[in-house]
Protein chains: 2
Amino acid sequence: MAEDWPMEYSIHRDVLDEGAVDEMAEKSNRKTSVCDKMKKSLRCSGPRLKRCLLGSVPVVSWLPRYSIREDALGDLISGISVGIMQLPQGMAYALLASVPAVFGLYSSFYPVLVYFIFGTSRHISLGTYAVLSVMIGGVTERLAPDSAFTIWDNVTNTEVVDIVSRDAERVKVAAAVTFMSGIFQLLLGLVQFGFVVTYLSEPLVRGYTTGAAIHVIVSQLKYTFGVSPKRYSGPMSVIYTVLEMCYLVPQTNVGSLVVSIVSIVGLIAAKELNTYLSKRLPVPIPVELLGIIIATVVSWQVNLKDKYGVDVVGDIPSGLQPPVFPATSLFGQVIGDAFALAVVGYGIAISLGRIFALKYGYKVDSNQELIALGLSNSIGGIFQCFAISCSMSRSMVQESTGGRTQVAGALSAVVILFITLWIGTLFEDLPKAVLAAIIYVNLHGMIKQFMDIPALWRTNTIDMVVWLATFILTIVLNPDLGLAASIAFSLLTVIFRTQLPTYSLLGQVPNTDVYRPLEDYNQVQRHVPGVVIFRSSATLYFANAEMYQEALARKSGIDITKTLAAKKKLEAKRKRHEKKMAKKAKKDAKKNPVNTVRKNNVTVIDVELERDPSLPRTIILDLSPVNFLDTVGVKTLRNIRRDYGEIGIEVILCGCQTSVVQNLQTGGFFGDKLTKSCLFTSIHDAVLYCRPESNTFTG
Amino acid sequence: MAEDWPMEYSIHRDVLDEGAVDEMAEKSNRKTSVCDKMKKSLRCSGPRLKRCLLGSVPVVSWLPRYSIREDALGDLISGISVGIMQLPQGMAYALLASVPAVFGLYSSFYPVLVYFIFGTSRHISLGTYAVLSVMIGGVTERLAPDSAFTIWDNVTNTEVVDIVSRDAERVKVAAAVTFMSGIFQLLLGLVQFGFVVTYLSEPLVRGYTTGAAIHVIVSQLKYTFGVSPKRYSGPMSVIYTVLEMCYLVPQTNVGSLVVSIVSIVGLIAAKELNTYLSKRLPVPIPVELLGIIIATVVSWQVNLKDKYGVDVVGDIPSGLQPPVFPATSLFGQVIGDAFALAVVGYGIAISLGRIFALKYGYKVDSNQELIALGLSNSIGGIFQCFAISCSMSRSMVQESTGGRTQVAGALSAVVILFITLWIGTLFEDLPKAVLAAIIYVNLHGMIKQFMDIPALWRTNTIDMVVWLATFILTIVLNPDLGLAASIAFSLLTVIFRTQLPTYSLLGQVPNTDVYRPLEDYNQVQRHVPGVVIFRSSATLYFANAEMYQEALARKSGIDITKTLAAKKKLEAKRKRHEKKMAKKAKKDAKKNPVNTVRKNNVTVIDVELERDPSLPRTIILDLSPVNFLDTVGVKTLRNIRRDYGEIGIEVILCGCQTSVVQNLQTGGFFGDKLTKSCLFTSIHDAVLYCRPESNTFTG
């Protein structure tokens, strides 16, 4: 490579320790006090207030600048396309949330309008989302199970479920949990906690959504096969449900199964066609809309419900419903689920929003997004919607059909309003199996994420473990608890990573000032005799301080306890010997006063000479990978210096960051005897310091 | 400083990128596969087996080498001293554990003998320990509360507590939880999980023991004041108990209070005397023993119990009891407490053991200690002991009176056996208030730990927060749950630390190859125009990847989204312009075929020139503090390179550790266009690479 770049590295300077650098570069001591920082962050001024207000209602700043000539047409086409998608998806995801289909339409309307006012992302399509819907389904079925609404049917003399009051209760539960999740998002946004989303790393989100997709699929199997399994809740419920389904397969309703298979095949074929024609069509074919129209017409004409017992959507009231404040009595029971919904919903929306923002070069404000979603959900909750986020598939359509601003979203809401008011009732004969098919087909993206496993296996094993653990935890513990457990696990991996560092001895790359691990390179030399250079690849803190000491002893081959014990024994021996000698000397002195001094001297020298010559003279600890030192870390370094010092090995440090030097200082590492002169700027400085016999050396 | 060391740093070499270093130093590719590692660790050989067996029963290896001449006298004196201390402490801590006093004596006997055989620390004094005892007290009072043992007293016609059966049940509970904790320790030891103790950082342990001391004190107040408050359990129980005590103060039994005050004052005075005389006495005065002897005699003579209603120890059966396997039915209810006991007990023992090991130059095997403690506790549980660990105060006495090996511990057990068999019954009249006083006085070390707060405030604020949080969590959530919460909290601080890094731009210390943060030094220069050097003080991973990007944009002053958007606009403009030009050109071509080429060229150049000249040419990211990169980290670096690349800024990396280069490689950072030549060994190499106009430069 040297031929490619005819550049040379040539430096000639004094060997620098930390103190020398501080002096040369004039280290400044100015420090911002906590008080000043607080003052600064709380300072209130006119422009700041204005900016803050404008920031919290973004529509005020962008709508006046809306260019009808440039943006309106794209937004119109895009809004209508997305609105048409919202209809079948809304109805299908309402099924997931275990509420009547019409509430899916409401959820595609109110929150979308609110987001239009407060949102900052121009391309994401807010509305119903599979993962959130299945989480809500878990809550509604837990708090309003079938078993709580059985009544005695006098006609058939059997117990039947009072579906009307059950569904009313479920809508209440869904509205309450949605409202709560909105409030959580709002609060998190107001205290600027948008950063919580950073804990949702990409492998975690992908593993999580794949796990949630399995939940979604399992929950829809009953519609596909037309059976009524028992409801399970709590951990492992997915597994119990799958077992139950296997048991119920013989009772399959053939009509439902046929409808399912036909619609799945049809949808997939149409979607493939869409992809194939995507370049030639200005707007994609509304596959799902066509699907439900055809299915409704067929179902109505053939009378699938009565002839074949196929479960259909049923009563869809037209018109909107008045706002109702959610039942406060339910808040206590849904607080955990609401928090999970808030975090997941936000996580999905912000990650998608960022992708588009980067693509089109604008900025998505994470805290404002949190506030916008919070308002969407809490206002939605009052209008009996269930929790929303943004869907990948709809957002892609919104973008690809030319949507350029939030106006597209607002227009899609208008489309939904139109449908809800006048057309919705026409879909009463739609088989639920078709909606289940729409859900399956929409999940293909999440299922494809299984391909992450081999990809991560090749790139980063720990991230693969996070993916798998999240997936399994989500399946086993359900999406709410599973999310908490997965985040905890992914944070633990960070700890584990710092607990499994690579410890290495470094050597010099010949003729340079570059030092590399001895085990990784063949041509690296220990070079300076009597000097050991040691580095840990991780920060030194309480969870790995002990390992650091052990690794140092192992790598350098110095058994500090043994050497110290030997030294102690030697000292005891010397003392005994000296005592004896002193006695003898006294005796001798009486006899022969001249010979005493010499003999004592000889003894002392004897003991001093017993220092093991194979021991190194100096150990250099390279601390460049250290991010911070806690008290345990500082103490460990001090102990190492002291212990090795006792057996005659000097320990010096090098490559500390400014903040680490600060940690050492406040942690009391330096004292009267120990100044910053044991800290060197680079390994090479430290090595040069250890070879005083040859002052300069040119590589 | 330069005058002090007449050494000079002089180097002359090629500028090195990662590829060049790999070539020069011959990077080796040998990797140990997971399979090989497994094979190696499972390999079984004769000497290995022998070493393993000898290691698990250490007494076999050290007892034959026991030197009677050197060690026996010290061990004898020390053993008797410690045994004498075990008596009052054992009885007092039995009070804490809410079991009859004699079980405290058993706990000072059986486990100590077991540890003699399996333990590796020569100086720690195993036996009852305040923190563990109060934890056990929590369990026994929860599972065998007074309320469960009320019977109707026909004599007084009131409900009274059947103390005999209550205590029997409590002993059962204590034995069960002790046995379980021993089994946990044994299992952890067998799977070599001794490292779990590394999560117990020093601030955490000290905050925890101080919090536990508050629990101990509160639980003993009832004996001091001679009242019977209600028992509380669960979170906040300490606070409720204190409130209850305040309410009950008017009902104080004056006799108990006087006895308490006298004994506390007496004990403190005697201990002070002991400290004062410590240099002149070969063996410390057995203060506590004298205390309980005097108190017993006084109580017996004055008849404190009947005359003043002072609560006394009561029936002490002489002799030992046959072993009983603990009640398996209780195991399920105590599993959480047992785990907490196992971890805390081990944590205390190993940290004390290490201190002595370091002082006397021998080695304490953390896994073997875990096994030894596990056997002590599980065998102890069968003999109805309660959980033990080692006490600081006893260990100090054991060491200072000349104890040199585990034989001292065994001798102390013999002393306790002697007392249990013949003398124990004499202490039946001992007031419980005296035992409470002994407990208080023994806690002074833990209470002194409050002084950690100001010390840590000065040295390390985050560690102070950990201390305080642990203290508060332990008090509020009780020692068992509090420990788990504290460990979780202290691990979170590690995450927070990596989330609050210092981001800085670096500049050159004049005439050197040393680069330091611009804001920390006055004489540091940006030096090379058009080059920005950026460093984060922390590892780059999912939880701070976004902040890294933001900080880079903020510090470098480059608004990447704005610049990109401007560039996009410009490109669109250019395209439109080109189209226009092309049209015009066509038209022109028809008119005047010569002029076309020039005009088109002018347009292109116009657009190219619009690159903002204030933008730097190169950004150097110093990755030396990075410990590892996960997929998010690699992706972030790739995105930064791509995004800045699009606006014409080259991003190069430097200072990567070998493992980080590995992460970049497997993470797919490098591609066809991007080789290791964008990775430099040091900042200075990268800077030199950026200034091709002047090839060499000497500081």
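Helices here are DSSP runs of H or I with at least four residues, and strands are runs of E with at least two; both are numbered from the N terminus. All views are taken from a predicted model.

**Figure 1. Positive surface patch with residues from chains A and B.** Positive charge gathers on the surface at Arg69(A), Lys573(B), Lys575(B), Arg576(B), Lys579(B), Lys580(B), Lys583(B), Lys584(B) and Lys587(B). The element that gives the most to this patch is helix α24 of chain B (residues 560-591), with 8 residues. Lys573(B) has its place in this helix. The relative accessible area of Lys573(B) is 53%, and exposed means over 50%, so Lys573(B) counts as exposed. An α-helix has 3.6 residues a turn, so residues three or four places apart point the same way.

**Figure 2. Nonpolar surface patch on chain B.** Two helices of chain B, α12 (254-277) and α13 (287-302), each supply at least two of its residues. Helix α13(B) holds the largest share, 4 residues.

**Figure 3. Helix α7 of chain B and its buried residues.** Helix α7(B) spans residues 110-118 and is mostly covered, with 7 of its 9 residues buried. The buried positions are Tyr110(B), Pro111(B), Val112(B), Val114(B), Tyr115(B), Phe116(B) and Phe118(B).

**Figure 4. Val651(B) in strand β10 of chain B.** Strand β10 covers residues 650-654 of chain B and includes Val651(B). The relative accessibility of Val651(B) is 1%, and the residue counts as buried. Between Val651(B) and Val397(B) there are 254 residues of separation in sequence and 63 Å in space, taken C-alpha to C-alpha.

**Figure 5. Asn511 in chains A and B, with positive phi.** In chain A, Asn511(A) is not a glycine, yet its phi is positive, about 65°. Asn511(A) sits in the loop that joins β6 (503-508) and β7 (515-517) of chain A, and with a relative accessible area of 52% it is exposed. In chain B, Asn511(B) likewise has a positive phi, near 65°, without being a glycine. The place of Asn511(B) is the loop between β6 (503-508) and β7 (515-517) of chain B. Its relative accessibility is 52%, and Asn511(B) counts as exposed.

**Figure 6. Salt bridge between Asp685(A) and Arg13(A).** Over all chains, the structure holds 32 salt bridges. In the one between Asp685(A) and Arg13(A), the closest N and O atoms are 2.8 Å apart. The pair links distant parts of the chain: Asp685(A) belongs to helix α28 (residues 683-690) of chain A and Arg13(A) to strand β1 (residues 8-14) of chain A, 672 residues apart. Asp685(A) is buried at 0% relative accessibility, and Arg13(A) is buried at 6%.

**Figure 7. Salt bridge between Asp622(A) and Arg535(A).** The two side chains meet with an N to O distance of 3.1 Å. Because Asp622(A) lies in strand β9 (residues 618-622) of chain A and Arg535(A) in strand β8 (residues 531-536) of chain A, the pair ties together parts that are 87 residues apart in sequence. Asp622(A) has a relative accessible area of 4% and is buried; Arg535(A), at 10%, is also buried.

**Figure 8. Salt bridge between Asp685(B) and Arg13(B).** In chain B, the side chains of Asp685(B) and Arg13(B) form a salt bridge of 2.8 Å, N to O. Asp685(B) lies in helix α28 (residues 683-690) of chain B and Arg13(B) in strand β1 (residues 8-14) of chain B, so the bridge ties together parts that are 672 residues apart in sequence. Both Asp685(B) and Arg13(B) are buried.

**Figure 9. Salt-bridge network in chain A.** Salt bridges link Asp146(A), Arg166(A), Asp167(A) and Arg170(A) in a network.

**Figure 10. Domains of chain A.** The domain assignment divides chain A into domain 1 (73-494) and domain 2 (503-558 + 615-698). The C-alpha centres of domain 1 of chain A and domain 2 of chain A are 56 Å apart.

How values were computed. Residues numbered from 1 in each chain as written. Chains lettered and ligands numbered in written order. Predicted model: local features only at pLDDT ≥ 70, side-chain atom pairs only at ≥ 80, totals over all residues. Heavy atoms only, no water. Patch = residues over 30% accessible without salt bridge, like charges linked within 9 Å, V, L, I, M, F, W, Y side chains within 5 Å. Areas by Shrake-Rupley, 256 points an atom, 1.4 Å probe, with all protein chains shown as cover. Salt bridge = Lys/Arg side-chain N within 4 Å of Asp/Glu carboxyl O. Lys, Arg positive; Asp, Glu negative; His and termini not counted. Charge placed at Lys NZ, Arg CZ, Asp CG, Glu CD. Buried < 20%, exposed > 50% of the residue type's maximum accessible area, 1.4 Å probe, protein only. Domains from an automatic or database assignment.
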